[in-house]
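Dear colleague,

Please find below the structure that I am handing over to you. My findings follow directly after it.

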Amino acid sequence: MAREELTFPPAAAARLQPHLHRPPSPSAAAASSSSPRPFVTLTFATSLDSALSLAPGVRTRLSGLASKSMTHFLRSQHAAILVGVSTVVADDPGLNCRLAGASAQPRPVIIDPHARWTARASSKVLQLAREGQGLAPFVLTGVADIPADQQTLIQRDGGKYIQVPSALDDNGRRRFQWRDVFQALRAEGLQSIMVEGGGQVINSLLSPPNQALVDSVIVTLAPTWLGRGSVVVSPDRVRDAEGKPAPVARLCGVSWHPLGEDVVLCGSLEPQPAEDSTTGP
């Protein structure tokens with residue numbers, strides 16, 4: 001079934017281009033192909049109280065039509081869209097691009113350390129792949145014995161499971177190193193990744209040890225408050241050498257762009273000492 005195509009004004013697209021991945025020139029292509037990780041854009045929509053949704057698993061409309069079109073423009077500019085498994089379980093997203101004139105579809109990437117997601121023929125991301133309106137997902141997992149029927153279903157539509165090194169935390173949950181995640185995706189030939197959520201993924205990438213892995217941040221601010229108890233963008237507190245609370249992250253090279261009733265904030269994270277860290281929904 002044909003789905004509505006979206007349009008995004010060229011002038012608005014031009015304002016975002018400085019914050020997006022630029023394909024390497026022919027002279028730089030060889031160096032780019034050996035890069036250990038892809039270009040990473042962190043993008044999400046939030047309320048005025050930094051909330052992503054009203055509650056875990058509750059789909060919440062924040063941004064307007066113009067911002068929705070911007071999201072699909074951004075998808076058209078990346079090789080892959082990355083989300084956590086909780087987003088997939090809760091929303092059954094299509095994870096495709098509906099921008100009119102888009103030359104290619106991004107590859108959906110699902111972070112699923114425990115293989116929580118049960119793919120079905122009716123899953124929207126697989127339906128779109130069969131219809132030629134999207135791609136089947138790469139599912140990154142720490143589980144070695146994926147059921148054969150799940151592997152067959154994903155592979156039939158062009159996706160696959162990818163094993164990523166993981167470690168158990170104190171609560172017995174598998175965790176990935178973000179560097180391992182991005183290296184695995186780069187090994188699949190994906191040069192640019194658009195990270196869309198959910199909250200745990202976003203907060204993890206905004207933590208100081210992982211900020212060096214994020215190249216660009218694009219946030220849509222909607223003119224609404226969701227209230228206490230919402231799912232918020234709020235990384236864990238950090239403290240300075242004297243034990244006093246300190247800011248977790250700050251953007252530099254900032255630009256603001258009105259878009260309908262929303263405002264889009266673009267920038268880069270100020271450099272932090274790079275260290276490995278773990279994450280996983």
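A residue is called buried here if its relative accessible area is under 20%. The model is a predicted one. In it, tryptophan 178 has a relative accessibility of 0% and is therefore buried; phenylalanine 182, also at 0%, is buried by that criterion. Both residues belong to helix α7 (residues 178-187), where four residues, about one turn of the helix, separate them.

The number of aromatic pairs comes to two. The other joins phenylalanine 8 and phenylalanine 73, stacked at 5.3 Å centre to centre with 25 degrees between the planes. Because phenylalanine 8 lies in the segment before α1 (10-16) and phenylalanine 73 in helix α3, this pair ties together parts 65 residues apart in sequence. Phenylalanine 8 is buried at a relative accessible area of 13%, and phenylalanine 73 is buried at 6%.

As to the sheet, nine strands form an open arrangement with mixed pairing, in the order β6-β5-β4-β3-β9-β1-β10-β15-β14. Its edge strands are β6 (160-163) and β14 (251-259). Strands β3 (residues 80-84) and β4 (residues 107-111) run parallel over five bridges, with valine 83 opposite isoleucine 110. Strands β14 and β15 pair in the antiparallel sense over seven bridges, and tryptophan 256 has leucine 265 in β15 as its bridge partner. In their hairpin, which has two residues between the strands, glycine 260 adopts a positive phi near 60 degrees.

Finally, the charged end of lysine 160 sits over the ring of phenylalanine 138, 5.4 Å from its centre.

With kind regards

Technical notes
Residues numbered from 1 in each chain as written. Predicted model: local features only at pLDDT ≥ 70, side-chain atom pairs only at ≥ 80, totals over all residues. Heavy atoms only, no water. Pairing = 2+ DSSP bridges. Phe/Tyr/Trp six-rings, centres within 6.5 Å; stacked < 30°, edge-to-face > 60°. Buried < 20%, exposed > 50% of the residue type's maximum accessible area, 1.4 Å probe, protein only. Lys NZ or Arg CZ within 6 Å of the ring centre and 35° of its normal.
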